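Welcome, and take a moment to look over the sequence and the 3D view before reading on. We will walk through a few places together, one at a time.

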Amino acid sequence: MHDDSALVLLTIDRFVRERLIPAIHRERMPLVITRWEAPGEPVPFSEAVTQRFEPFEVGRPWGKPWGTTWFHVTGHVPAWWQSVAECRTEVVIDLGFTPATPGFQAEGLAYLPDGTIVKAVEPRNQAVPVSQGSPVDLFIEAASNPDVTAGFTFVPTTQGDPATAGTEPIYTLMRMDLALLDDTVWNLAQDVAVLRGLFAELPAGSSRKAQILRALERAVDATDPSDLASTASDARDALADVLARPAAASAHQIHAVGHAHIDSAWLWPVRETVRKVARTFANVLELSEGNPDFVYAASSAQQYAWLKQHYPDLFARVAAAITAGQIVPVGGMWVESDTNMPGGDALARQFVAGKQFFLREFGLEPLEVWLPDSFGYSAALPQIVAQAGSRWFLTQKSSWNDTNLMPHHTFCWEGIDGTRIFTHFPPVDTYNSELSAVELARAERNFAEKGAANTSLVPFGWGDGGGGPTREMIAAARRFADLEGSPVVRLSSPRQFFEQAEAEYGDPPVWSGELYLEFHRGSFTSQARTKRGNRQSEHLLREAELWAATAAVRKGSAYPYDRLAQVWQTVLLQQFHDILPGTSIAWVHREAEHNYAAVAETLNALITSAAHEICGTGDETVHLNAGPYEQDGVPGLGGGTTGHSGAASIAHTDAGIEMANEHLRVVIDQNGEFVSLVHLATGRELVPQAARGNQLQLFHDVPNQWDAWDLDADYGQRPVDVGQAEWVAEFADEPDLVGVRVRRRFGDSTVTEEITLAGGARSVQLSFVVDWHERQKLLKLAFPFDLAADRAASEIQFGHLYRPIHTNTSWDVARFETVAHRWVHVGEPGFGAAVANDSTYGHDISRIRDTTGHTSTQVRLSLLRAPIYPDPESDQGEHRLRVSVLPGASIADAVAEGYRMNLPLRRFLAVANSTVEPLFTVDDPAVVIEAVKLAEDRSGDVIVRLYEAHGTRARAQIVRTFDAHETVETDLLERVAGEPRAVIGADGRRVDLELRPFQLVTLRYRRA
């Protein structure tokens, strides 16, 4: 038999393109179109329909960037259409869509005249159903969102900010007509799409491949090109046999879960996400009506809350679908947050706020954590997940690694405390699947657990406003349900998948430690003001809750539950994985900075109010210490007066300006850099020979792609000379504080630094004011230490993580930029150094060689970047940062320094002899109180959250100083945790605890 397969394929593909697809709609007729353009921000339906609409027609431009245009579409369905068998009527709308990825262009939402939402209009989902016998009368809210991706070429764009986006129309209305859909032809198109896709994936020489080709050829031959409608059933009959052949008994099992990954902000503002959520849920509800086995999984309590606030009728329909089991809330978090940079209690509150919402609104608790797109996953997360009551974890992002492939797709993930969470990483390598043959084949081919397990999950649906799952995807799932040559596809839910996966894989492999993403390393640094706002907000929230709880317990003051909840929701939203990492358009970050300023104003007012409730108002100075450790004589979690701290001196020497106190001596040269840093108790010199500490380093920073996200490994090969300091000047403004001011200028930027040493201090303090006007540059601060360290400790949530600083393996090489919270520590046995900060997250720690050939350790902080996509003005302007260097530091010292840097004493004027007794004391510094607050149920019970911070076993006594009749151990949601995990005894006001390294504990003190 001659091989004519190439010719046959040409015939089939042309038939599909020129005959089959155009024949899906038998008839079309125009509709009457009018429009009204909203002058500013979007308005609700009730306001829009009262406006004056003007005639409009297909082919005309519409929609300025970020604008909203309302179209009113009317017409009548021809009577004879209603009698045509196996056909249905729909309105088909093309707002000017392009072949680019859906979700990054225009979108619409269709309403009936009474305000009922019908469904959305998207690039790959253009049809709106029309009820039989009814006239056509629809209002379409069309959003002219610009496509700022430019095909993800990362070209700088002015369209990320309405102030610079322009006002000219950017879309042309291409289609808005009434159409008669032929169900038989549409189903034939789905049959052909599935078989043509499967043919492409089968190996050459396969009998099954040849059978499919000949069946497709017969189907084409069975049609009349001039009358496809009457012959489409014959073509379907020609395909029936190859579609009916069952999959192999060993075929990979795929659980297909409807999904639409909707970024809570990214290349659009938060206000647009609100509408994207409504559009997507509207599509899902419409799709669910004829597909009772279809399940749609949607995360992020925030998005449901938006729906409830802005679209209450649609929210009620979603709630009914949740009750019916067709929509499934997943994740249990407020948003799909970043997990690298949020603080410990903030990450815990993602689950507290998220799960409380789902329990309150729907009476259910998601057990699967759903984070497909966050940029790496903290090693603290397994414990937080477990303590929030969740069982499973799903991510997809690790498939983006640029160096190493993850060795597992289903495994147990072990955190820093030893907690393990059953985890799945879908081998389909996408969270926006179309359920195409190529994707299903990829899922089976990639699956790393073959022979031990055989089940994976595929999330399908267009995300980010693309509209979610479509009828074509459901049709594909049905055809792939049991099809020879393909994995078996089952419409399913996340819970059904995880229960089956756990059951079939009783002893999965274990991945211990962080799930580091070998990509997007620049996101630890981009948009520094957003990151500073987050860090500041987290610590202000700690203070506000502590002092409000203290005022409530000591003085009977009202606890500000509602205001704190509102602030938490703002902070949690802005920890979303494209806001906090600094990877959104200018509009998003401008709003974030505005919101953080409002958060600070609210929380500072709450703190001040609580302080006056506790201490009264007078003329005696009192200092409040919200940190867990004593500072300058003021107890942790309490208040009082500060004590004398000691003396510091400053002098000129041949080597430079020398500052000293009883613990340290530092010498600063004419360029403002450290030539010597001596720990006096041991006599250890920290600065390697001929090296310089406190060194600003500038690099060209032009990643190959994903500008705001990525930091490429070769940036170090492109240094930029920062020149010499303009001036270095000493000062001694206070009796116990000496310092040096340094001013540097490079490019279009200036840096003013203050280096200070206080009497009694064990650390050197550095404060920077940077007027930053560079483009595509990276500013680092370097500290070489004369330490032969082989690993570095970096603070993460509720503990710290050790990472090797050598480059023995490809995994080590790829980890060239890492995240840390308030401190990093490097050392040799018995001696080390810590570097702490108040708003910086990106670090790199490496081995270097000094001039004598000895190996030393370099710690560098990434202070600022200047990417030009997606925000061409990223990070421009003034920044304030603080850093401290602590020689001779242990891990315990580093922990304390991190809190001291981020929770400075607060000064108030109070009545005479004011002291504030802490609500709790702990007798072991390894056990750190992270949060003190009143219970979420508003019972007045006191909640204290604590953890073991030093990485050791710890026995501690926590003593309360207020009346309570019972102490119970709870989970993060403040529910009694069953058998105590940490409490080993109690006696009166004392609770005895035994904690494993990094163990997290929440205690509830029940008050009468």
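Where does S398 lie? S398 is found in the loop that links strand 17 (392-394) with strand 18 (410-414). Before going further, please keep in mind that this is a predicted model. With a relative accessibility of 8%, S398 counts as buried, because the cut-off for that word is under 20%. Once its neighbours within four places in sequence are set aside, S398 is in contact with M406, F425 and L517.

You can follow one of the pairings in detail: strand 6 (residues 87-94) and strand 9 run antiparallel and are joined by three bridges. Here V91 stands opposite V128 of strand 9.

Now for a pair of helices. Helix 4 (residues 207-221) and helix 5 (residues 228-244) pack with their axes 8 Å apart, at an angle of about 170°. An angle over 145 degrees counts as roughly antiparallel, so that is how helix 4 and helix 5 are described relative to each other. From helix 4, the residues that take part are R208, Q211, I212, A215, L216, R218 and A219, and they meet A235, A238, L239 and V242 of helix 5. Sorted by class, this contact of helix 4 with helix 5 has eight nonpolar residues, one polar residue and two charged residues.

Next comes helix 6 (residues 270-288), where you will find E272. Is E272 buried or exposed? E272 has a relative accessible area of 0%, so this residue is buried. Apart from neighbours within four places in sequence, E272 is in contact with A143, N145 and R279.

Helix 14 has 28 residues, and the distance from its first C-alpha to its last is 39 Å, close to the 40 Å expected at 1.5 Å a residue. Helix 14 is also mostly covered, with 23 of its 28 residues buried. Just after helix 14 comes G556, which takes a positive phi of about 75°.

Our last stop is strand 28 (residues 674-679), which is mostly covered, as five of its six residues are buried. On one hand, strand 28 runs antiparallel to strand 27 (residues 664-668), and five bridges join the two. Within this pairing, R665 stands opposite V678 of strand 28. The hairpin of strand 27 and strand 28 has five residues between the strands, and in it G672 takes a positive phi near 80°.

On the other hand, strand 28 is joined by two bridges to strand 29 (residues 684-685), again with the strands running antiparallel.

Note on methods. Residues are numbered from 1 along each chain as its sequence is written. This is a predicted model: local features need pLDDT of at least 70, side-chain atom pairs count only at pLDDT 80 or more; totals for chains, interfaces and linings use all residues. Side-chain values use heavy atoms; hydrogens and water are left out. Axes are lines fitted to C-alpha atoms, for helices over the stretch in contact, and angles run from 0 to 180 degrees between N-to-C directions. Helices (H or I, at least four residues) and strands (E, at least two) are DSSP runs, numbered from the N terminus. Angles under 35 degrees count as roughly parallel, over 145 as roughly antiparallel, 65 to 115 as roughly perpendicular and the rest as oblique. Contact means heavy atoms within 4.5 Å. Ala, Val, Leu, Ile, Met, Phe, Trp, Tyr, Cys and Pro count as nonpolar, Asp, Glu, Lys and Arg as charged, and the others, Gly among them, as polar. Buried means under 20% relative accessible area, exposed over 50%, partly exposed in between (1.4 Å probe, protein chains only). Two strands pair if DSSP finds at least two bridges between them. The expected span of a helix is 1.5 Å times one less than its number of residues.
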